[in-house]
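Please keep the sequence and the model in view while reading.

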Amino acid sequence: MTSLPSIPVIAVVGSRHSGKTTTTEAIIKGLTNKGYRVATAKHIHQADFTIDTEGRDTYRHTKAGAQTTIAVAQNELTTKTKTNTTKLTLNDITHNIPNNTDIIIIEGFRGLVAQDLTVPKIVTAKNKTEINEALNVFKPILAFSTPLSKPETSTSKITLVNVLKEPEKLVEVIDQRVGSIIKKRRETQETVNIEINGKTLPLNPYVQKVTRNVILSIITTLKGTNIKGNENIQIQITNPNKPAS
């Protein structure tokens, strides 16, 4: 079976109050508008930070000693795990992200990804000094998110973008870098899954293609169907004589 390329990761890094979250937000909006499925990870520096709210039932669960607490609301499912994160790798942080995600945007984590050549960086910078410092700290730099237009630096080959004025320019820089990877992932992802009693059968790309074409051919002959080929179709065959597990 053709191996699936890794989900591309883009890091937004920079000094404090340099516009990292504003830049991340603009990137997420732009990529989502392009039809990409975006996942994010945010590094938070406060040692006592919790996503929960003191006094809430889930907070009380954790306070009582629960290592993992799952909060299920009508439109959101949140899993909170108490663990030491100081030695986590990038893979540790992102491994629970759904495989159908197109791109992961991480904000912060400079110590983790600064010299990681597999993670392109968008560097936020308030001034020329921060740009010059970033050139020595981060590799590779895909673009600078900065209000500066023509800094006196050696950044002639690195794009400078004012994300407040032209966020679409930054999105295009990212799309040019990872668009082909995303396209390849979508083309090589499994499109047909067969489960028998909860066990998924391994299907190579040829078998998936044949199975998909046969099923679509049968369904298109049924009255009242209008198949375009991009639908999600579920077929369930049950044995009435077998008790449910």
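The model is predicted: local features need pLDDT of at least 70 and side-chain atom pairs count only at pLDDT 80 or more, while totals for chains, interfaces and linings use all residues. Residues are numbered from 1 along each chain as its sequence is written, and side-chain values use heavy atoms, with hydrogens and water left out.

In a regular strand, side chains alternate between the two faces of the sheet. In strand 1, Val9, Ala11 and Val13 point one way, Ile10, Val12 and Gly14 point the other way, and all are buried. Two strands are said to pair if DSSP finds at least two bridges between them. Strand 1 runs parallel to strand 5 (residues 103–107), to which four bridges join it; here Ile10 has Ile105 as its bridge partner. Four bridges also pair strand 1 with strand 6 (residues 121–124) in the parallel sense, and in that pairing Lys121 stands opposite Ala11.

## Helix 5

Which residues of helix 5 (residues 128–137) are buried? They are Glu130, Ile131, Ala134 and Leu135. These residues lie on the same side of helix 5 because they cover an arc of only 145° around the axis, the arc being that of the directions from the helix axis to the C-beta atoms. The buried residues of helix 5 pack against strand 6 and strand 7 (141–145), where contact means heavy atoms within 4.5 Å.

At its N-terminal end, helix 5 is capped by Asn127, with a side-chain oxygen 3.2 Å from the backbone nitrogen of Thr129. A polar contact is a pair of N or O atoms within 3.5 Å; within protein, one must be able to donate a hydrogen and the other to accept it, and residues adjacent in sequence count only if both atoms are side-chain atoms.

## Salt bridges

Side chains of opposite charge can pair when their charged atoms come close. Nine salt bridges are found in a search of the whole structure, each being a side-chain nitrogen of Lys or Arg within 4 Å of a carboxyl oxygen of Asp or Glu. One of them joins Asp52 and Lys80, whose closest N and O atoms are 2.9 Å apart. Asp52 lies in the loop between strand 2 (38–42) and helix 2 (57–64) and Lys80 in strand 4 (residues 76–81), so this pair ties together parts that are 28 residues apart in sequence. Asp52 is buried at a relative accessible area of 16%, and Lys80 also counts as buried, at 13%.

Glu25 and Lys29 meet in a salt bridge as well (3.8 Å, N to O). They are separated by about one helical turn because they are four residues apart in helix 1 (residues 20–33). Glu25 is partly exposed, with a relative accessible area of 43%. Glu130 of helix 5 meets Lys126 in a salt bridge of 2.5 Å, N to O. Lys126 counts as partly exposed at 37% relative accessibility, whereas Glu130 is buried at 14%.

## Backbone features in the loops

The peptide bond from Lys139 to Pro140 is cis, with omega near -10°. Pro140 is found in the loop between helix 5 and strand 7.

His17 is not a glycine, yet its phi is positive, at about 60°. This residue lies in the loop between strand 1 and helix 1 and counts as exposed at 70% relative accessibility. Phe109, another residue other than glycine, has a positive phi near 60°. Phe109 lies in the loop between strand 5 and helix 4 (110–113) and counts as buried at 13% relative accessibility.

## Confidence of the model

The predictor's confidence in each residue is its pLDDT, from 0 to 100. The chain averages 87, and 91% of the residues score at least 70. Among the elements of the chain, strand 6 has the highest mean pLDDT (97) and strand 10 (residues 199–200) the lowest (80). Where pLDDT is low, the predicted coordinates should not be read in detail.

Key:
Buried < 20%, exposed > 50% of the residue type's maximum accessible area, 1.4 Å probe, protein only. Helix = DSSP H or I, 4+ residues; strand = E, 2+ residues; numbered from the N terminus.
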